[in-house]
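Reader: Could you take me through how helix packing and a sheet are read from a model? I would like the general idea before each case.

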Amino acid sequence: MRLTPGPAREIDLDRVDLFDLDLYASGDPHPVWDAMRAKAPLHHQVLPDGREFWSVTRYDDVCRVLGDHREFTSERGTVVTHLGVDDVAAGKLMTSTDPPRHTQVRRAIGARLTARAVASWEDRIRQTIARFLQPALEGGTFDLAEQALLLPAMVTGPLLGIPERDWAELVQLTAMVTAPSDPHFQHGSEAATLAIAHHELVTYVTEWVKLRRATGDADGSLLDHLMNVRAGEAPLTDEEIALDGYSILLGANVTTPHTVSGTVHALIERPEQYAKAQADPSLVPNLVEEGLRWTSAACNFMRYAVSDIRLGGGMIPARGAVVAWIGSANRDESQFADPHQFDITRDNAKRQVAFGFGPHFCVGAPLARLTLRVFFEELLQRCGSIALDGEPRHLRSYFIAGMTHLPIVAKKRMTP
Amino acid sequence: MESEAQAAPSSAPESLVREISALWGEYLGTREVGADDDFFVLGGNSLIGIKIVDRVTEDYGVELSVRDFYLAQTPAKVAALIEQGRTRT
């Protein structure tokens with residue numbers, strides 16, 4: 001979806017279709033969300049097949065929906081693609097589990113992903129990113145969005161314990177989960193695409209665990225950790241290992257690439273911001289926060305109301321599905337002044353909710369932040385300037401706001 | 001995408017189609033599954049698919065391709081894939 005909104009237009013909120021994939025692939029959702037925040041903070045939509053959902057778009061409401069599991073449960077599913085079908089992995093997959101079980105599992109997994117734990121990876125990540133950027137500096141056209149899809153696998157592969165030969169296949173599968181209707185990733189119907197990808201990914205982790213058990217190998221990787229960690233009093237079940245392993249692969253692969261390409265695109269459109277960051281590398285951490293806010297790669301998450309709940313001037317009935325639009329919350333004018341301005345010196349960029357909010361706050365956030373910081377440090381140091389070299393293309397997905405193509409030409413920086 | 005499933009004629013013996021329909025019924029919690037019923041319309045998902053594909057390997061000694069299984073989508077076509085796998089080995 002376009003991240004810099006186009007010209008203002010008339011929005012009829014009664015006719016808005018938030019499930020229209022064209023809106024994200026070639027349209028302009030921000031003016032729609034602007035209108036929703038202003039006039040319909042609790043928006044209701046019924047799909048042609050009878051499924052219905054409520055949307056919240058204001059920062060405070062998004063935080064409330066994502067943050068309070070007593071009112072809004074994750075145990076019936078959290079991804080809009082599955083609206084109306086209760087999650088078969090509820091209570092087993094960490095993201096589809098409420099506290100208290102969720103707290104036990106998240107603490108166990110998160111212990112290996114804290115900022116302190118991932119800090120020792122910085123040198124290795126820097127080398128990986130230097131290798132990633134090398135072909136971009138050779139003078140030709142470099143499709144950053146296409147290449148960036150592989151970046152998380154390059155960075156997290158060794159950390160997860162996944163051999164390089166499997167990366168491309170896993171990246172393809174995780175992309176199928178997030179954009180099952182994008183022609184780049186579709187196999188047959190949307191349902192078939194999702195099932196193929198889920199099946200292959202869960203089976204991949206299951207086989208990985210089986211092999212480790214058979215050989216007794218331990219490599220200290222994150223998947224290894226999943227096999228040995230205790231959550232509460234007991235180890236994770238095999239089903240939990242397979243599903244959480246899947247979830248970690250997914251979380252690692254599908255968001256960071258789009259934050260990379262979307263932020264670089266924003267910098268190409270605003271050379272003065274690029275120059276500012278280049279002149280003062282200490283701005284990079286804030287550039288990363290603004291990039292996260294700006295791109296909001298995980299565009300939304302879903303919850304189900306536990307009981308009738310008053311919110312945003314309306315009522316969500318018990319069992320109703322609620323979509324919390326993170327992409328909109330991060331442009332809420334009550335929170336961020338001039339929200340549609342990309343500003344690497346924004347003083348409260350860190351209040352962005354791109355990683356979510358509350359108990360399900362992204363467990364990989366410290367690693368993502370580290371990767372993004374190192375990426376932009378290296379990019380600014382190596383590239384004197386970056387120009388667009390073709391039309392950017394956006395991902396056909398209402399779940400992940402992303403790009404499929406961003407052709408760029410980079411010039412080597414002469415004076416370091 | 002060209003898939004083997006789409007190219008496969010429904011050449012499986014009727015008895016095999018019936019067995020596969022029954023196998024699906026076991027995991028989909030539906031009493032009657034027809035030869036041409038759609039996996040996803042019956043409420044099928046990947047966790048059920050994993051169990052069915054594993055059972056096919058155990059019971060028939062045929063390793064179905066995951067892609068072909070979901071693109072086939074009906075017991076008749078899955079039976080044809082199994083038949084194909086058997087004759088190939």
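This is a predicted model: local features need pLDDT of at least 70, side-chain atom pairs count only at pLDDT 80 or more; totals for chains, interfaces and linings use all residues.

Reader: How are α13 and α15 of chain A placed relative to each other?

Author: Two packed helices are described by the angle between their axes and the distance between the axes. Here the axes of helix α13 (residues 256-269) and helix α15 (residues 284-295) of chain A come within 9 Å and cross at roughly 100°, which makes α13(A) roughly perpendicular to α15(A). The contact is made by H258(A), T259(A), G262(A), T263(A) and A266(A) on α13(A), and by G291(A), L292(A), W294(A) and T295(A) on α15(A). By class, this contact has three nonpolar, six polar and no charged residues.

Reader: Is α15(A) mostly covered or uncovered, and which helices do its buried residues pack against?

Author: α15(A) is mostly covered, ten of its twelve residues being buried, among them V284(A), L287(A) and W294(A). The buried residues pack against α13, α14 (271-279) and α17 (365-382) of chain A. Just after α15(A), S296(A) takes a positive phi of about 35°.

Reader: What is the strand order in the open sheet of five strands, and which strands stand at the edges?

Author: The order is β1-β2-β10-β7-β3 in chain A, with mixed pairing. β1 (42-46) and β3 (72-73) of chain A stand at the edges, each with a single partner strand, so one side of each is left without a neighbour in the sheet. Strands β2 (residues 52-56) and β10 (residues 321-325) of chain A run parallel and are joined by three bridges, and S55(A) stands opposite V323(A) in β10(A).

Key:
Residues are numbered from 1 along each chain as its sequence is written. Chains are lettered from A and ligands numbered from 1 in the order in which they are written. Axes are lines fitted to C-alpha atoms, for helices over the stretch in contact, and angles run from 0 to 180 degrees between N-to-C directions. Helices (H or I, at least four residues) and strands (E, at least two) are DSSP runs, numbered from the N terminus. Angles under 35 degrees count as roughly parallel, over 145 as roughly antiparallel, 65 to 115 as roughly perpendicular and the rest as oblique. Two residues are in contact if their C-beta atoms, placed from the backbone, lie within 7 Å. Ala, Val, Leu, Ile, Met, Phe, Trp, Tyr, Cys and Pro count as nonpolar, Asp, Glu, Lys and Arg as charged, and the others, Gly among them, as polar. Two strands pair if DSSP finds at least two bridges between them. A residue is buried if 20 or more other C-beta atoms lie within 10 Å of its own, exposed if 12 or fewer, and partly exposed in between; C-beta atoms are placed from the backbone.
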